[in-house]
Structure formats: structure tokens, C-alpha cells
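Biologist: I'd like to go through this one with you. Can we start with a sheet, then look at helices and the chain contact?
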Amino acid sequence: MAAAATRLGSRDTVPASSTTAPAIEIQGLRKTFRRGLGARHVALDGLDLVVEPGRVHGFLGPNGSGKTTTIRALLGLVRADEGTMRLFGHQVPEALPDVIRHIGAVVESPQFFPHFSGRRNLRLLAQTAGVKRRRVDEVLEIVGLHDRAKDAVKAYSLGMRQRLAIAATLLKEPSLLILDEPNNGLDPAGIREVRDLMRGLADGGVTVLLSSHILAEVQQVCDSVSIVSRGRHVVTGPVAEVLAAGASGDVRVRVEDAEYAATVLTEAGLPVRRDGELLIVSDVADPSWITQVLARRRLFVSELTPIGADLESVFLDLTGTTPVPGRSGQVGEPFAAGLGAPPRTDGKPPPPPRHATAGPAETPQRREADNDGQDRA
Amino acid sequence: MRLWWVELRRLFGRRFTRLALLLLIGLVAAMVVSAGYGSRKTSENDLARAEQAAAQERSDQRARCETAHAGGAATPQRDRSAAPSPTVPASASASAAPRVSATPRTTATPSTSATPRTTATPSTSASAGARALATPTPASTATGSGTAPVGSLEPPLPGEFDGVDCATITYPTATDMMDHRTFSFRDEMPARAAFLAALLALVGYLVGASYVGAEWQHGTMAGLLLWEPRRVKVYVAKLFALFAGLIAVGVTTYAVGFAAHWAVADLLGDAGGVTRGLQGSLGLVVVRGIALALAIAACGFAIAYAVRLSAAALGAAIAYIVGAEIGLRVLTQESQRWLLTENITAWLNRGTKIYLSDCDSTGRCTEKILDLTMWQGGAYVGGLALVLAVVAAIVFARRDVT
């Protein structure tokens, strides 16, 4: 799949007037679903999102946070109540017919006509957009379904359907690929193939928006990431920056006389705690300073490791969904204290997470959330 | 252009569509078999016998008529000069006598009976006060086992020949007195063509509903909108594909049906009398039949599209039949003019009459006739289909696809 991705460079270019614009630009998107007996559910609460072209951008959020609704609104499947959306500078949904041929998308679980073969399903789609017939076999080859192309889709496994869905997105040779949980049902080889495919596409200039819950996957493949929670934007930025913002500033120290070293560091004003034979030193702006302090007392460090955050811990922290022992989590509700009461019906924004300051997507709503968060802190 | 063509290919690629087409083929085959079943050509000898029998029967009717006009007390005597040949079955002779002035309700159901005659036929419906048309009981379908009285005739019933000029009695004819069934393309094909229209409409309704309902259920509608986000265009393309498919199926079905029936008539019945007038008339039946099928298919399509469920169209049809066709018809007679069946009948049969009975407290009833023209029926059915199609398009254009 990865090798074949390099053959995708012949796609149509996005309209020239918009090549410098962000691939996706969303501001203040709001969507409320009305349910029976007047009940309402706020799915999007002023969400902002910017995806620069030519990147693999992770789109993260807990269940019910509004990721799929955002994608649906962007693709014209759901009508937003408020907000503006642009794809390559074109306002959508108004200009969607002009830009849709540059966009390949898999939204949630892939759906095909079950009694038609994989090839026939793709051919029908290809004919809809005037894609050449041979392109169908090309994309089937890319996703590894060529040998099963004659089988009815109802006989496909979930992973095979996922591959077929990805093949469908590639038919148009898109400039923007929107993948909502593309790894669902894929085996490890398939996951790697999809990852390599995305990287290959991005290297060829395709923008990829990847919505996924597999955070390790996102961390590996994405250049930048946006995290949303409860219909609002939380943080956006390059993965490294988001991780740095979520880092604790702790440093792991290994030294021969740990007891004495702890005393020395404590005297120097650093919070220290023991972790077996190791010391964990907190709030260290520059780890080399630990080396200097200990060396003055002739204590020589054999290991000095800044403890970085992984995307999972940052995600859980930012979205307030870190599991709490003894408590069951509910969809749409954070675990963390202070984040529990849904503010959807009173019109007030939800309390922001602790690390909302990271990332470049600074918006009025975001600043408001940050200030609110600082006040609470 | 491209989208509707793709949709057309998908429509015919569907399993349900293929099953429905098989069903249609089976029903047409059954119609053809029924046309040929028990039918045989009429020989010169058959015709001579039937003409003799018919002449005798007319003579008897005139005798009864004259007896009635003369006072009706005496038993009318059979005219020996026009006596039937001994080979004429008595049952045929007896059964052909006009006894009841049945209401000739037009129907789309194919009939093997002869075309109703409108010549001076005695009416027994004196109480109704209307001169209703007599519906003959054809000899070919005679089941009576009674034996005609020899040398005397059944006395006329009170009022049976009121207002009838006995000299103008021209019924029955030789065709009615045949002792076997002969499938006549000329006489029977128009009714069969109308029945075929009803079959096409039924198939169109089911296929139209299933075609879009399944797409909603499989979730492929959202996938399609990722390729063509203009919803009205998608809607129109699908409807157009359904229409195109149905027209193709309808024309083919009629062509095959006509050819097969003509072949049966040529082999086992009467294929004569296919004049230009009949051809034109059948052509118009085909046009009206296919137009009806399109309208009914659009109804099924629209309901399933709006509700996003094939079963909803089926449920709506059942609810309509139970609630309106049965319930409303029983509750208020006047509502009949708004029932689909009456309007469809009017459209297919170039108009229909709805007979309403108005009874007073003494039990005396008068009959009222509502005329429903072909264009009224067509406008009603077409208008209903148009309204449903527009509503479904608006719903589709505005609702979220989740």
C-alpha cells in the first residue's frame, strides 16, 4: 500500500486561487441536535480548527466530543447552526460541489452495497465522478483487495471494508483526505500499511485529516494535532509542541548515593521524591542544572532523563477523561473534578483543561477559555 | 446525465429489482396461459350452431317482451319457426336470458366475457328508475344446468320489458352462444392491458420504495453525497433513473405481453379484427398504463426517501388500503371519488361511473351516479405523486444525513 502511494501524484490540483489557504479552516462551528420531546444535544459548541496543507493532522477527542459531527458538517452531510467553514479557501457547504472532487473521505464505518462486489461498488462511485475505469483496479491494488475484488462486500471482514473505503477515497486522487477512524478492524499489517499510505500521501502534498482514538498511531504519523472536547477546541499545534505542553517537567536521576543526592537537591530548592534507586526531580527548567548542583558535592550522575509526556496522557489530561479508580465514566462527561457538570444548556462555555495554552490556534473563544481556566487554577 | 445513468445501472443491479422483474415476468406468463387455457378456434359449424341458438334466443326474448306489453298474463309460446338445432345446448340458451340488470362496474381485471352490448336490452331495475345497461352472461362462461321449457317460455317479470321496443332486441349474438371459449385478442386485450398497468404500478411502487429505502438502510446515501453533494441533483437523478427503468420495463412488458397474447389468439383463438383503431386504442392504454406506473412508483419512492425506510412505504400502502379503501368507502359513499382505486380506474378505462345508493327511512333507494373522467382520475393520481415527490425532495434537501 505504501509503495503504491507514490503513484498518486497525478491528481487534479485544487483551484489555483486557494492553494495557499489552509486546507481546512473552521471558526465558531455550532451544531445542536434536536431530539424528541424538545430535548437538545449540543454537539459542537463554537469549535475552531485549522489544518495546514500538506500535513497529516490528527483530530482527537473523546467519544461524543464532536469529531464526526465536525467532519459531517464539513462535508455537507450535517447543516451547521453557526460558524464558517472553508476548504482550500472555499466556503462550504456553498462551494462544496466545486471542491468535493478534491476530497476523499471515510466517515465512521464504511458503507457499501452489500450484494455488489467491491469492484462494482467502486465502479459505481467512479462513474459518478467521471473517474476512469482503470483507476478502480489501481486503488484496489493499492489497498490489497485486488484478489478479492469480485467478492460481494457482505463477505468482507470489517478490515476489508475499511480497506475498500480507503480505496474509494483514493479514487478521486484527492488533495485532502479525511479519515475517520481508518484503522477500525484492521490487522497490525493493515494499520502499518495505512500509516505508510498516509505518510506517502502527505509526502506527495496531500493533506490528511486523521480522526482516531489510537493515540500512539496519531503520535507516530501526524505532523500536527488538534484536540477537541465536548464540542470545543482544546489545543492545536505540532505534535512535539503539544507533547511539550503536556510534559510535567520531571527529570529522572540515577546517582550512586541517592540519599545524599536527594538531600543536596532539596537544599537547592528542588522538589525530589524517591522512586526505588532513582530520584524524580520536579519543576526543572534545565536538567543540566541538576548535574551542576550534584557535581559540586562530588556526586556524579549516571542517568539524567527528562520524563516526557506521551500523547495519551496529554489527551487524557487535556480532555479531563483520565479514568478515576472506582468511578465509571460516561460519554460526554469528564472524570476530572471541576469538569463534570455539562454547561450545555446554560450557554456558558465549559471549564478549560489545564494545558489549553499550547498550540497556535489562538481564537477569541480559546483565549476566553484560557482565562477562565487560569482563574480556576 | 452521468449520475442518473449510474443510478439506473445500480437499480437494475439490485437483487430486489431482479426479483420484482421475475415476478412480473411470471405474472405476464400467467396472463398468457390464462388467455389460452380452454380456448379453441371457432369452426364454421360452431358458428352456424351458435347463430341458430342466438336467433332462437332473440326470438324468445321478443316473444316474452311482446307478452309483457300485451298484459303479461299468458305464458309466451316458443316460436317454432326459429327453433334451435337439437345440437344447441339448452344450458347455453337458458343462461343467455337477461334476468338481472347488473351494474356494469368498470374494472382493470381481465375478463373473458364478451364486451357488454348497449343495444336495447331489457331492464329489470325499475325501482332504480335508471335505464341501466344489461350485462350479458356469455355462453362461454355459462354454468347453468337448467333445462329450457319446451314449447313455452318463462313469463316476463314485472317491469322487465318496460320501455323496451321489442323489435330492437338484438341480443344475444352468435358469439354469446358459443359452446366453447374462444380467446379474442380484439375483445379481451384492452382489459388485459389495463390489468398489466396495475401490475406495473405495483412493481413500480415496490421497486421505487426498496431502491432508495435500502440505500438509507445500508448507509450508502451518505457515501454518495461525498461524491455529489448537490442533494436535489441526487434526488432527481434517482427519480429519473427509476422512471427510465420503469419505462423500459413497461414498454418491454407490453410488447412481450401483446405479442404473446396475439400468438395465443392466432393459435387457439381469434386474432382477427386488429384494426388501426384497436392498435391506437391499445397504444393509448400502454401510455396511460406506464404513466400510472410512474406515478405510483414515484409515491413509493417519495415515501421511502422521506422516511428513510423501505418498510414505511409498504406500511403506508397497507394503512391506506385499510383506512381509506375499506374504511372510508364503508363510512361515506361520497368519499369514493377521492379513492385511488376509483381514480386509477377512471384513468385506465377512460372514465368511470361511481354508483351511490341513497336510501330513505322507508327503505326506498335511489341511485346516484358520479362520473369520474379520465382526466380527473389522471390529475388526481398524478397530483398526489407530484406532491409526495416534492415533499420528499424538500425533506431530503434539509435534513441532516447522520
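Biologist: What is the strand order in the open sheet of chain A, and is the pairing parallel or antiparallel?
Modeller: Bear in mind that this is a predicted model. The open sheet has four strands in the order β12-β13-β11-β14 of chain A, and the pairing is antiparallel.

Biologist: Which are the edge strands?
Modeller: β12 (272-275) and β14 (301-306) of chain A, each of which pairs on one side only. From one strand to the next, the twist averages 25 degrees.

Biologist: How many bridges are there between β12(A) and β13(A)?
Modeller: Four bridges, in the antiparallel sense, with β13 of chain A covering residues 278-281. As for a specific pair, A:R273 has A:I280 in β13(A) as its bridge partner.

Biologist: Which strands does helix α10 of chain A touch?
Modeller: α10 (residues 258-267) packs on the sheet and touches β11 (251-255), β12 and β13 of chain A. The direction of α10 makes about 160 degrees with that of β12(A).

Biologist: And α11 of chain A, what does that touch?
Modeller: α11 (residues 288-296) also packs on the sheet, touching β11, β13 and β14 of chain A. Its direction makes about 155 degrees with that of β14(A).

Biologist: Switching to chain B. At what angle do the axes of α7 and α8 cross?
Modeller: Roughly 145 degrees, for α7 (residues 231-268) and α8 (residues 276-307) of chain B, and the axes come within 10 Å. The crossing of α7(B) and α8(B) is right-handed.

Biologist: Which residues meet there, in α7(B) and α8(B)?
Modeller: On the α7(B) side they include B:L239, B:F243, B:G250 and B:F258. On the α8(B) side, B:L282, B:G289, B:I290 and B:F301 are among them. By class, the contact of α7(B) with α8(B) has 15 nonpolar, two polar and no charged residues.

Biologist: Last topic, the contact between the chains. How many residues does each chain give?
Modeller: Chain B gives 20 residues and chain A gives 23 residues. On the chain B side, the elements that give two or more residues are α1 (2-13) and α6 (220-225). The largest share of that side, five residues, comes from α1(B).

Biologist: What is the make-up of the chain B side by class?
Modeller: The side of chain B that touches chain A has eight nonpolar, six polar and six charged residues.

Note on methods: Residues are numbered from 1 along each chain as its sequence is written. Chains are lettered from A and ligands numbered from 1 in the order in which they are written. This is a predicted model: local features need pLDDT of at least 70, side-chain atom pairs count only at pLDDT 80 or more; totals for chains, interfaces and linings use all residues. Two residues are in contact if their C-beta atoms, placed from the backbone, lie within 7 Å. Ala, Val, Leu, Ile, Met, Phe, Trp, Tyr, Cys and Pro count as nonpolar, Asp, Glu, Lys and Arg as charged, and the others, Gly among them, as polar. Two strands pair if DSSP finds at least two bridges between them. Axes are lines fitted to C-alpha atoms, for helices over the stretch in contact, and angles run from 0 to 180 degrees between N-to-C directions. A crossing is left-handed if the near helix is turned anticlockwise from the far one by less than a right angle, and right-handed if clockwise.
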